[in-house]
Amino acid sequence: MRGRRIIWTAALMVFLCIFPLSAGGSSEDDGVVTLWHSNSGVLGNAFDDIIEEFNTTVGKEKGIEVEAVYQGAANDVLTKVKAAASTGTSSLPDIAQLDATAALDMKNSDYLVLPGDLGVDTSAVMPSAIESLMSDRGLLAVPFNASSLLFYYNKTLFDSLGLTPPETLDDFAKTAPLLGEKDSSGKVTRYAFAGVPATYELGAFIGAQNGLSYMVNKENGHQGTPDKVLFGEEGTFKNFLEHWKKLYDTGYVSNITSGVSTEFAAGRTASMLASSSSLSTVINTVGGRFEVGTAFIPRTDENATGGVNIGGGAMFAFSQDEKVKTVLEYLISEGVQLKWAERTGYMPVNTGLYDDPGYQAFLEGNPQFRVAMEQTQASNPAVTGVWLPSAYQIYYSFQTEIRNVTENGKNIDQAVSDMVNTVQAALDEYAAQNLV
Amino acid sequence: MKKNERNAYLFLAPSLVLAVLFFMLPLAKSFTGSFLTISQSGKVLGFAGLRNYAALFGNPAFISSVANTLRFIVLFLPLNTFITLLAAALVRKKEKWTRIPEFIFLTPLALSLSALALVFKEMFRGSVSIMGRIFSTDVQWLDEPFTAMAVLVVLGVFLDFALDFILLLAAFRSTDRSILEAAEIDGASGARMFFLIELPAIGNMLSVTVLMALKDAAMISAPVMVLTEGGPFRSTETVMYFYYLEAFRSGNRGAETTIAVLMVLVSVLLMTLISRRRRNV
């Protein structure tokens, strides 16, 4: 019967549609190196130019074509890498640009190919950038875009008041009332500072205390998976909260968590903390309405001398392939790093550039870019970013506790112990699920 | 008839295969997984009993995400119902002029969810936002827990409006004329006519749209992801967004499977209510 046959055919076609889903895979060795990255805007343009230059020069010679795919912010790239890995290594890119939040997952994954295994020559890479990605498994990835936390300030305003950037949070609490402004009704029209510190900022505020403090054990998770929170019993988070509360109590700190640089550019806050990688973007957004200054971040107290850690991104490799090695070495070469640094504000990771006349001339003309470099050189290289599971949730928890303390009068000891419990629970959960 | 029955199953076969493959099997896997300890790479490490559930309910962030979702539902549901019903009621009698508002009311259907969320994000960004100008205020909409939730609710209404509007309008227009005419002859008019005759006549469809909106509200995640990312201070972190963070960002299989099981239970309950209602439409 014809009707029956049609039905059977239809059912069969459904099956045929399903099977290729599981059988799909990428074609091998066609000279294409896939690279997932997280650079958009100013950074995206600079990155695209770098990749295009590779494809038309070195890549053309050696028959390699880099296919750069923008996959959203760094944590989106991580999400996608993990999703791709869960369906098998064939859907992974050859290289992915990830940040510190990825380190723990990558370290414990079986699909990561270490730069050492690829034989990538990282001898010219700046030591603190190497340190920031060093683990008990060795170097996890090739540093590409190194940045650090910077204190951005409205230099025009500071100069007009005869003020210099604060050296400690206590200094800041003294000058904040001068920097802020209220209208006749007592409403704040300009804050001294806007933003709520989260994991990244606390990496410096806590990490710098007593020369070097870790947030969690195993050297912030670099020497094994962390299983114990340290910022509670060592009193470092409490110390930070006490000084931060003093600053907040001046009434000139705005607890906002989004659009901070928009507020800064609009002149509604005199200062903010942001990554040095935002420098070009911030200067563009301000558009000459006032002079943008950058400075070392204020220390938590006099004894917080550790400085800042290196953040930013690195190139994680997922295929053992000579082509991947070529691409990675190209990305950290002097020429590429110079171009990248000049156009974005990232610190060049290639130490060969530090006495390069071209780079020196650039710094001469753009003194704001020099500060990040100087701050890093003045920092203890052992101060490193913290590698935590559930990084996203913990990020929010820090902000929530800081807000509870500053706005809602929550007891500082209580806030510290709640925060310790949150992080400890995440560590325990991770250990239970991944370390047996 | 035996042969008819067999043909019916044959016609159903493709859908059944797909349903089993893509819905029932994953569901069963999630369900069993919620009682196991599974590593991030998917390896089963052992039996967990109720440990995953205990960890979930002991997590303050999860509890607050449930509270946020309930808060969203309480704000969203009445507002959404009222506005869509009002819009449908105003243009329920087909006349020449109603084509224009009908067209306008349907436009949200043409916009993708994330595009609309991005537009909202730009409209309400910072203290110098477009909305700030329009209302001449410098409220930082997305940086205050209450206003951020309010913006999310308005966005939610925008997203659900068009579909609910179509359904309600269709129900109004397909109401049996003879009932309305009989009521008219009996002297009913205006508000009495609307509340006592027309509204009860579309009652079933109204409850379907309410239940659908309830389901959408309970499952809201994508608008949160684009608009607020759960902020400020977790005040808009809904259950499904929490699920996304745990499952896809943190790779926490315990939370992933337990929330999936709980949410399936909730939505099965809602869908049962909806299909009960629909049978009567």
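Tutor: This is a predicted model. We can begin with one side chain in chain B: a polar atom of the side chain of Thr258(B) lies 2.7 Å from the backbone oxygen of Gly254(B).

Student: Which helix of chain B holds Thr258(B)?

Tutor: Thr258(B) belongs to a helix of chain B that spans residues 253–280. That helix is α13.

Student: Is Thr258(B) buried or exposed?

Tutor: Residues up to four places away in sequence aside, Thr258(B) touches Ser34(B), Asn52(B), Tyr53(B) and Leu56(B). A residue is called buried under 20% relative accessible area. Because its relative accessibility is 0%, Thr258(B) counts as buried.

Student: Turning to chain A, which elements do the buried residues of α18(A) pack against?

Tutor: Helix α18 of chain A covers residues 367–377, and its buried residues include Phe369(A), Val371(A) and Met373(A). The buried residues of α18(A) pack against α7, β7, α14, β13, α16 and α17 of chain A.

Student: How far apart are the C-alpha centres of domain 1 and domain 2 of chain A?

Tutor: The domain assignment gives chain A domain 1 as 32–147 + 311–354 and domain 2 as 149–308 + 383–434. Between the C-alpha centres of these two domains the distance is 28 Å.

Student: What area do domain 1 and domain 2 of chain A bury between them?

Tutor: Contact involves 23 residues of domain 1 of chain A and 21 residues of domain 2 of chain A. Carbon and sulfur atoms carry 55% of the area buried between the two domains, which is about 1,600 Å².

Student: Which three residues supply more than any other three of the area that domain 1 of chain A buries against domain 2 of chain A?

Tutor: Their share is 29% of the area on the domain 1 side. They are Val42(A), Leu104(A) and Ser147(A).

Student: How many residue pairs are in polar contact across the interface of domain 1 and domain 2 of chain A?

Tutor: The salt bridge count between domain 1 and domain 2 of chain A is 0. For polar contacts, with both residues at pLDDT 80 or more, the number of residue pairs is 8.

Student: Which element gives the most to the side of domain 1 of chain A that touches domain 2 of chain A?

Tutor: The elements that give two or more residues to that side are α2, α5, α7, β4 and α16 of chain A. The one that gives the most, with 4 residues, is α5(A).

Methods: Residues are numbered from 1 along each chain as its sequence is written. Chains are lettered from A and ligands numbered from 1 in the order in which they are written. This is a predicted model: local features need pLDDT of at least 70, side-chain atom pairs count only at pLDDT 80 or more; totals for chains, interfaces and linings use all residues. Side-chain values use heavy atoms; hydrogens and water are left out. Buried means under 20% relative accessible area, exposed over 50%, partly exposed in between (1.4 Å probe, protein chains only). Contact means heavy atoms within 4.5 Å. Domain bounds come from an automatic or database domain assignment. Buried area is the accessible area (1.4 Å probe) that two parts lose on being put together, summed over both. A salt bridge is a side-chain nitrogen of Lys or Arg within 4 Å of a carboxyl oxygen of Asp or Glu. A polar contact is a pair of N or O atoms within 3.5 Å; within protein, one must be able to donate a hydrogen and the other to accept it, and residues adjacent in sequence count only if both atoms are side-chain atoms.
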